[in-house]
6 protein chains.
Amino acid sequence: MTRGFYIGRFQPYHQGHHRVIADIAEEVDELVVGIGSADQSHSVRNPFTGGERIMMITKALADLDLVTYAVPLEDINRNAVWVSHVRSMSPNFDVAYSNNPLVVRLFEEAGIEVRGSPMFDREVLRGTEIRERMVAGDDWSDLVPDAVEHVVSEVDGIERIRQVSDTDVEATPND
Amino acid sequence: MTRGFYIGRFQPYHQGHHRVIADIAEEVDELVVGIGSADQSHSVRNPFTGGERIMMITKALADLDLVTYAVPLEDINRNAVWVSHVRSMSPNFDVAYSNNPLVVRLFEEAGIEVRGSPMFDREVLRGTEIRERMVAGDDWSDLVPDAVEHVVSEVDGIERIRQVSDTDVEATPND
Amino acid sequence: MTRGFYIGRFQPYHQGHHRVIADIAEEVDELVVGIGSADQSHSVRNPFTGGERIMMITKALADLDLVTYAVPLEDINRNAVWVSHVRSMSPNFDVAYSNNPLVVRLFEEAGIEVRGSPMFDREVLRGTEIRERMVAGDDWSDLVPDAVEHVVSEVDGIERIRQVSDTDVEATPND
Amino acid sequence: MTRGFYIGRFQPYHQGHHRVIADIAEEVDELVVGIGSADQSHSVRNPFTGGERIMMITKALADLDLVTYAVPLEDINRNAVWVSHVRSMSPNFDVAYSNNPLVVRLFEEAGIEVRGSPMFDREVLRGTEIRERMVAGDDWSDLVPDAVEHVVSEVDGIERIRQVSDTDVEATPND
Amino acid sequence: MTRGFYIGRFQPYHQGHHRVIADIAEEVDELVVGIGSADQSHSVRNPFTGGERIMMITKALADLDLVTYAVPLEDINRNAVWVSHVRSMSPNFDVAYSNNPLVVRLFEEAGIEVRGSPMFDREVLRGTEIRERMVAGDDWSDLVPDAVEHVVSEVDGIERIRQVSDTDVEATPND
Amino acid sequence: MTRGFYIGRFQPYHQGHHRVIADIAEEVDELVVGIGSADQSHSVRNPFTGGERIMMITKALADLDLVTYAVPLEDINRNAVWVSHVRSMSPNFDVAYSNNPLVVRLFEEAGIEVRGSPMFDREVLRGTEIRERMVAGDDWSDLVPDAVEHVVSEVDGIERIRQVSDTDVEATPND
């Protein structure tokens, strides 16, 4: 039995993530999907809550023949302890999938095997692109699984991201 | 569609929790299982990590005909914001199940419906009792689902709780 | 112009505090009332929120001929920086009033003048005594200013403290 | 009886804020003035401490026929729990005043009524403009109430903001 | 070249620690002395600041023929990340010395070699015993190296611990 | 006896710092070297851990005729309490050395004497310059003491900074 680990912020979970996971599914029996910055929400960069992202991922992966765990991870802001933070919040895993050089480095220094997770159609299938379309009123729904579109609608996500996008990007509620 | 929320520390997940959830399953279509103090581990009171408890719960609930989400929740230590912490980390839910008077009060002040979740055989089916048996070398495995026994064994849980039980209960690594 | 500083948790603000402040009013022109553990609430030891305690103090002091500032102070849990935490959150003050030996020591090490603030009728006029009466259903309202009784009633405080008192004192929402 | 809530960082409190509050005073009996980022100080963006801002606001509002509460709010950096943080630290309020889209959204998701609070002469009556004048040695005192000018002088504020402005904006004491 | 790691709270550093380190010196070329709960001070259990304890240890070890590093470690309150916290704040080490079962367990789970560090005359050479003598006015100076007695005197330590001992042990500055 | 305090991030410790300390050594008997942002590592701006920087400084200063203490300081992100944070983690000092206007201001407001610490050859002897050379593969070793070069090599520092430099500067492990 092999268990993999794959991390992202999933703002939102999109077809790019979905295809990567479909590929990973060829290599592992179970997969932990770590939801980074789970404590961040209601900003242009992080519009959806950790709980909303659990919904997106769990629903989108329901038809895949793979046991998956969607695990929200609060930011810890200390790279040197990040790996043990992840490991303590996640079911044990044998291999981590990532293309993020920092993640690769941190896992490698901790002695964990890391494999690349090449993204598809990286120009379009990016969280930034999708969030910009949401704000601009352009079409974005083709870029995400149906389950994600459903969650975004249920939580009034388009209106939320548009409204907070009027605020300065760095703004806090006090500005 | 109704989604419920049920919280505990699950140190470990045992037959008492399992029967409560079987009952809740009669009333809801989906259930979020919130894992409290998910950031605590390696103590007599909280021997297992958040990730280990995700495993216990997910595996134990696999055969139940109920969509479940096991959601680790770090301690926030401020009762007045606890409900919004929970809500932001969890898929939306319609009703919370709890017998803990503090939890009931906090959810009620936030306008969330709460239903009781009566425990079975409360004298024996308690985390404290099970952890004491683990430390003492008494039999505990009948009190938990098979999947939990398997996880405890896989993470060398009995040896861990025995070893840390030699330390003062309040001890930190510096004592 | 002299400004004083007086700290407490004020769970709740009672006649003992009120008389101390009446005495302090003889010596200062303005008084900062620091509300300690302002982030704690909904427990037997700290039933009322920081905001509710601001209300109690401001309303109770309204008829005193003294400019007062009710300042909530979140716990910082590091004695060595506590004084600068207090000073940064408070209008400048010339003298601190306290009988708490730790507070006295911390202010003195920081070079701030401290004066004693003798309590009246310490057996009865104590937060613990009042909270116990609230839980037990005994009479407590004579022990607090009318304004406080009004706030407690407005926030359904008696029912809250009774309900959470059923929980173990040390309990967190996860127990 | 109606109580309103109005939030800002008030670095410093200026005539723009003052006129907004004068307008709000027409609609409410009491007003809570929430001081955001109360834990930040000694930077160009946040030169004044929470306590210094309490002074500015309390003194400036003294002659208004309105019961006001100046409440310092430490940053919590989690939008999803920000509203309950504010509510727990503030006397209860019926309506929030804000033009900040993020604040509006957060209060609305929490079911709280929000009203606009249009600023006057927004080009000049802005914290940024006033702080730039302070650093540059230009005249700024006409833009703030007299009480604020007095507090700035008392805490040696002009010298402080000039001195820290020599440091890189993003600098921490370690750079 | 072998570097060892030895942790304690050192409240205060005493002859028991000193003899353990003298023994460790036989086995290693360099030793990191980790000062736990370095952020705690001014309480009966933790009277001395992190900086005061650095002084005690550095001065007391000056005459030992051993390169030593006194490293203050703030509490992190999450056992699962404690080892990586320690490792990131400490020069690399090959072996850890400890008799604390929790520390032993945490290091072992992280794959670090641990050796026992038997204390001498454990009945008397204990921090608790020494602190009780300090409070009671009994003789304690024979139990610590001269350098430690000097630091305690310089920081007015006896008066400090006596004064804070009048406060309830669990007290915070707000009580 | 005079003890000085000198702070920096020391990413890495270089000849510029070394010459400043050589000059300070003329004026003091002992020197505390405070390592700022000690909890930050594995980024382009902060590549080395607190422990690695303790090594660099201790080894580089070994041949200086000056008692030195290398003290890691975690970020506290509140300027108003920063001085007491530093003082509680450091042996007592009589004078602080700094050219950072914010540090100068904070120490002065706390009543601590500050002296300037003019850097040599500031164009080249800067952390930023050295880190850029490390990433670019240019020569950097002449700019640091031999002991630092040795530590960088031992911890595979060049490969680490290059690898993480491929990540967006602001990136967290979740991006």
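Predicted model: local features only at pLDDT ≥ 70, side-chain atom pairs only at ≥ 80, totals over all residues.

Between chain F and chain A, the count is two salt bridges, a salt bridge being a side-chain nitrogen of Lys or Arg within 4 Å of a carboxyl oxygen of Asp or Glu. In one of them, the side chain of F:Arg160 meets that of A:Glu109, at 2.9 Å from N to O. By class, the side of chain F that touches chain A has four nonpolar, eight polar and seven charged residues; here Ala, Val, Leu, Ile, Met, Phe, Trp, Tyr, Cys and Pro count as nonpolar, Asp, Glu, Lys and Arg as charged, and the others, Gly among them, as polar.

Residues are numbered from 1 along each chain as its sequence is written, chains are lettered from A and ligands numbered from 1 in the order in which they are written, and side-chain values use heavy atoms, with hydrogens and water left out.

The contact (heavy atoms within 4.5 Å) takes 19 residues from chain F and 21 from chain A. About 1,600 Å² is buried between these two chains, with carbon and sulfur atoms giving 45% of that area; buried area is the accessible area (1.4 Å probe) that two parts lose on being put together, summed over both.
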